[in-house]
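Please look at the sequence and the structure shown below before reading on.

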Amino acid sequence: MLKIHDNYSLKDNTTFGVNIAAAWYAEPTTAEALVFAITHARERNWKYYITGEGSNLLFTGDFEGLIIHPLVKGITVVDDAATEVLVKAGAGENWDRFVAHCVEQQWYGAENLSLIPGSVGAAPVQNIGAYGVEAKDIIAWVEVINTKNMQPEVISNTACGFGYRDSIFKHGEPGKYIVTAVVFSLKKNAPLLLDYGNVKELFIQRGTQDLHNLRETIIDIRNSKLPDPCETGNAGSFFKNPVIAANEFEILRSRYAAAPNYPTGTGRVKIPAAWLIETAGWKGKREGDVGTWPKQPLVIVNYGNATGRQIFDFSEKIRLDILEQFGITLDREVTLIS
Ligand SMILES: Cc1cc2nc3c(=O)[nH]c(=O)nc-3n(C[C@H](O)[C@H](O)[C@H](O)COP(=O)(O)OP(=O)(O)OC[C@H]3O[C@@H](n4cnc5c(N)ncnc54)[C@H](O)[C@@H]3O)c2cc1C
């Protein structure tokens with residue numbers, strides 16, 4: 001029987017650590033219990049929302065509905081071939097524990113995604129990415145409940161519509177699919193991907209050139225730059241890196257000759273949002289308990305008792321300022337729930 005909690009504090013359920021509550025809260029551990037939770041909400045005309053570990057969410061107030069946090073667990077090998085392994089992980093598995101397991105088993109592919117907070121179930125939703133790898137590179141298929149007919153479905157990698165921090169789970173009809181498990185295709189041997197930032201340099205310094213050391217290198221780099229959500233509330237990058245037209249970039253470059261840029265190969269150019277925010281003077285700025293992280297201005301932090309609304313208002317000031325100064329619109333990477 002699924003327990004549905006009343007008036008549930010979500011302070012420890014999001015990494016921003018804002019003090020908000022949900023009218024109801026449930027943690028289904030099976031696909032059947034998940035279906036029960038949704039049906040229960042629909043029968044009562046409650047709104048509902050699916051969360052993982054809350055590391056990409058900002059609630060701006062109490063949630064007058066049912067928060068459903070799927071905790072379907074388990075990591076199993078579904079196919080073991082000579083060079084490749086297919087591994088299924090439940091949506092409720094912690095992402096980094098899954099990566100650690102892959103590295104222990106000497107399965108290649110997930111190591112550059114070490115230490116990203118959150119659950120396995122959320123990984124395909126925003127196609128998590130770091131250090132030159134995205135979840136889409138290793139996902140074979142995603143197992144879901146289709147909330148239109150409450151039936152299980154399998155969505156192949158190509159049908160997931162993966163893009164930069166995007167997928168059909170996020171755009172199109174958000175909420176249509178609830179992820180119950182993800183199946184990953186991992187290699188038993190593969191070249192390590194080191195060509196991103198200072199990864200190669202730090203990796204070589206570590207001595208043994210193996211999978212385990214690449215994971216440790218990534219963990220060290222992340223720990224040196226990003227705030228630990230257990231100590232300082234945050235949800236990682238607040239904004240996406242904007243991708244602008246080549247002619248818009250030329251205008252930007254005429255004013256800022258050193259503007260960092262990454263051509264995307266489609267006549268468009270990606271600009272680091274952190275550079276825009278720093279150049280606009282927001283790096284390390286603090287207003288009350290909200291601020292940008294001094295080592296990485298793309299991360300907005302809760303220094304203590306900030307409310308979701310204060311964090312949102314601060315983020316909007318940054319967005320407006322970037323638009324005024326550069327003519328570039330920043331899109332949120334964090335999902336806002338108001
Ligand atoms: C310090 C820090 C560093 C970070 N670094 C990175 C990074 O390097 N790269 C990166 O890509 N992200 C990064 N993030 C963002 C975050 O870790 C990812 O977005 C992560 O995938 C969120 O997982 P979650 O379980 O916390 O999902 P939540 O934040 O709870 O939810 C995120 C979205 O996924 C949906 N969702 C969750 N579970 C399911 C499910 N089972 N079925 C359907 N929808 C679901 C939610 O409805 C919501 O829309 C970082 C965050 C922090 C705090």
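## Hairpins, sheet, core and ligand shell

In the hairpin formed by β17 and β18, where two residues lie between the strands, glycine 288 adopts a positive phi near 60°. This is a predicted model, in which local features need pLDDT of at least 70 and side-chain atom pairs count only at pLDDT 80 or more, while totals for chains, interfaces and linings use all residues. Residues are numbered from 1 along each chain as its sequence is written.

Strands, like helices, are DSSP runs numbered from the N terminus (strands are E runs of at least two residues, helices H or I runs of at least four), and two strands pair if DSSP finds at least two bridges between them.

|---|---|---|

β6 and β7 belong to an open sheet of five strands, which are paired antiparallel in the order β6-β7-β12-β10-β11. Because β6 (75-80) and β11 (151-156) stand at the edges with a single partner strand each, one side of each is left without a neighbour in the sheet. On average, neighbouring strands of this sheet are turned by 20° against each other, direction ignored (axes are lines fitted to C-alpha atoms, and angles run from 0 to 180 degrees between N-to-C directions).

The largest nonpolar core has 88 residues, and Val182 and Leu186 have the most contacts inside it. Such a core is a set of buried Ala, Val, Leu, Ile, Met, Phe, Trp, Tyr and Cys residues joined through C-beta atoms within 7 Å, where buried means that 20 or more other C-beta atoms lie within 10 Å of the residue's own, C-beta atoms being placed from the backbone. Strand β12 (residues 177-187) gives the largest share of this core, seven residues. Leucine 186 touches, among others, Glu84, Val85, Val87, Trp107 and Ile138, not counting residues up to four places away in sequence (contact means C-beta atoms within 7 Å).

Around the ligand there are 32 residues, of which Gly52, Gly118, Gly121, Ala122 and Gly236 are the closest (a residue is near a molecule if its C-beta atom lies within 6 Å of it). β8 (129-130), β12 and β13 (233-237) each supply at least two residues of this shell, and β13 gives the most, with three residues.

How values were computed. Buried ≥ 20, exposed ≤ 12 C-beta atoms within 10 Å, placed from the backbone. Contact = placed C-beta atoms within 7 Å.
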